[in-house]
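Hello,

Here is the structure we talked about handing over. My notes follow below it.

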Amino acid sequence: MAILKAEGLTYVYGSGTPFEKTAVDHVDIEIERGEFVGVIGHTGSGKSTLIQHFNGLLQPSSGKVFLDGKDIWEDKKNIRYIRFRVGLVFQYPEYQLFEDTVYKDIAFGPRNMGLPEDEIDRRVRQTAEAVGLSEDILERSPFELSGGQKRRAAIAGVMAMQPEVLILDEPTAGLDPKGRDKILSKIKEYHRNTGCTILLVSHSMEDVARYASKILVMNESKLFCYDEPSAVFGRYDEIIGMGLSVPQITRVFNKLKNRGIDLHEEVYTVKYAAELIANELRKRGKI
Amino acid sequence: MLRDITLGQYFPGTSFVHRLDPRTKIIITAAFIATLFIGSNPVCLEAGAVFCAAAVIVSRIPVKMILKSLKPIIMILAVTSLLNLFLINSGIPIFEWKFIKITYTGLRTSIFMVVRIALLVAGTSLLTYTTSPILLTDAIERLMSPLAKIKFPVHDLAMMMTIALRFVPTLIEETDKIMSAQKARGVDMDGGRIADKVKAVIPIIIPLFISAVRRAGELATAMECRCYRGGEGRTKMRQLKFGVSDVLAILFSLYFMAAVILVNIFL
Ligand SMILES: Nc1ncnc2c1ncn2[C@@H]1O[C@H](COP(=O)(O)OP(=O)(O)OP(=O)(O)O)[C@@H](O)[C@H]1O
Ligand SMILES: [Mg+2]
């Protein structure tokens, strides 16, 4: 059964004011357990709004959200427990840091869950390591850290709750390429180790292509499609028409196709591309 | 929740009220407030309500928005009305039970006070709904400019107000974001005991302060980089101009208020 499911999910900001805006429009989707979902869409397409429904931070204007087959708004009092099961890391999460040490800040979520002290300690150390923060940083003030370290501390703060579904809204925005790769590979590692479901909002097609097993495309408040990366990037013209891009390597293969070299495959990772090209060259007896 | 705070929110439009000079609107609003406070006769409030309603209709601001501006003060209204209702013991009693005594005077005062406060808030909200914050502070600066002669820092004050107003929506948005982020980490904002609620505020307030201070610093730097050095010798991009409609609006309103106050004195 799908771990996350939305049915006719619609959300309207500022309804009844001149600024009324339907940010999510009748979205139906089912996300299977263990999936690594890349969420893409142009600016203002409703990605952030959509994901805030999955842990009950926003209540749908109409439609329903199910976690593990149960309507999350069935019992309003339990919405807090939904948030422990579906962890959400906001855009620029470092602005949520507030404790005087990194340790305490990471422990904040688990403590709210009412876990025993030794379990909290175990989780803090474990997640700090998982995101690549060393022991000595734990006792420092979060405000003394570098941007990338703050970001990782904030992500750890959510990971430490060990949610079944981890949602990250552009976790790499504003970081240098190295910091970006580091964070993403840590997230991937976490995904592999825990088998949890991950939703990753990103503007980088390369990142999405590299990590995601499924891609969710939002376009003008509507769900455009939810499919395997190859299928999504196969709709090349539509994706470009939305103001999005496809991974560079997909573009290269598209150009090759236009010039008559059709490899009959949807390519979105460099590794696979290299294999294909090697095969093709072998077939033609060039190597 | 926080988005219910409508004070200082501007609803763009092109109605007669929108197009009035902001100084006109401030003067009329001030006169309106004065009338509400001087008026001790229900007739004054009725006249005030009519005036306010007329202004709302002309401004084409949805009535719903005006009602929304009253939402944050519902508690104040409720407490005021209850206090007046139960604490005023003089006059003809209309209801008596054990130690509870409600009198006609109490009921009257209670309604009177609620209407007065509601009109006050509705009137000032209409001002901010129909006037952009920038124009509003421009107007205040101009209206207070005579005070500059006695070394009163009019420009600085106006600049502070502009900045404060400018950052109200930003801070509200920021608070919303931080609240969501902390809720996602299990902060229990709704329900719970008072002690829990107070504890829930800390993870919100601290990041908010930090970001406000950071923003202030950034803004100061940005202003310095553009050679801001106070009001001296500074000209305005927008010049405020009184038009015929302004004169008419002021004359009409002031006559109306004066008449109301006179009625109040002689009735
Ligand atoms: N708090 C809010 N109040 C009113 N409108 C909002 C609010 N938040 C978002 N919107 C509007 O809803 C729409 C969707 O916004 P959302 O933040 O979900 O987009 P997004 O896909 O996350 O964009 P980005 O890639 O820039 O983060 C936008 O048009 C935006 O203007
Ligand atoms: Mg977003």
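How many residues of chain A are in contact with chain B? There are 24, and they meet 23 residues of chain B; contact means heavy atoms within 4.5 Å.

Before the rest, some ground rules. This is a predicted model, where local features need pLDDT of at least 70, side-chain atom pairs count only at pLDDT 80 or more, and totals for chains, interfaces and linings use all residues. Residues are numbered from 1 along each chain as its sequence is written, chains are lettered from A and ligands numbered from 1 in the order written, and side-chain values use heavy atoms, without hydrogens and water.

The interface: chains A and B bury about 1,900 Å² between them, 64% of it on carbon and sulfur atoms. Buried area is the accessible area (1.4 Å probe) that two parts lose on being put together, summed over both. In chain A, A:Tyr95, A:Gln96 and A:Phe98 lose the most area to chain B, together 27% of what that side buries.

The count of salt bridges between the chains is 1. B:Arg185 pairs with A:Asp105, with the closest N and O atoms 3.0 Å apart. The rule is a side-chain nitrogen of Lys or Arg within 4 Å of a carboxyl oxygen of Asp or Glu.

The sheet: 4 strands of chain A form an open, antiparallel sheet in the order S2-S1-S4-S5. Strands are DSSP runs of E, at least two residues, numbered from the N terminus; two strands pair if DSSP finds at least two bridges between them. S2 (21-31) and S5 (70-71) of chain A each have a single partner strand, so one side of each lacks a neighbour in the sheet.

Best wishes
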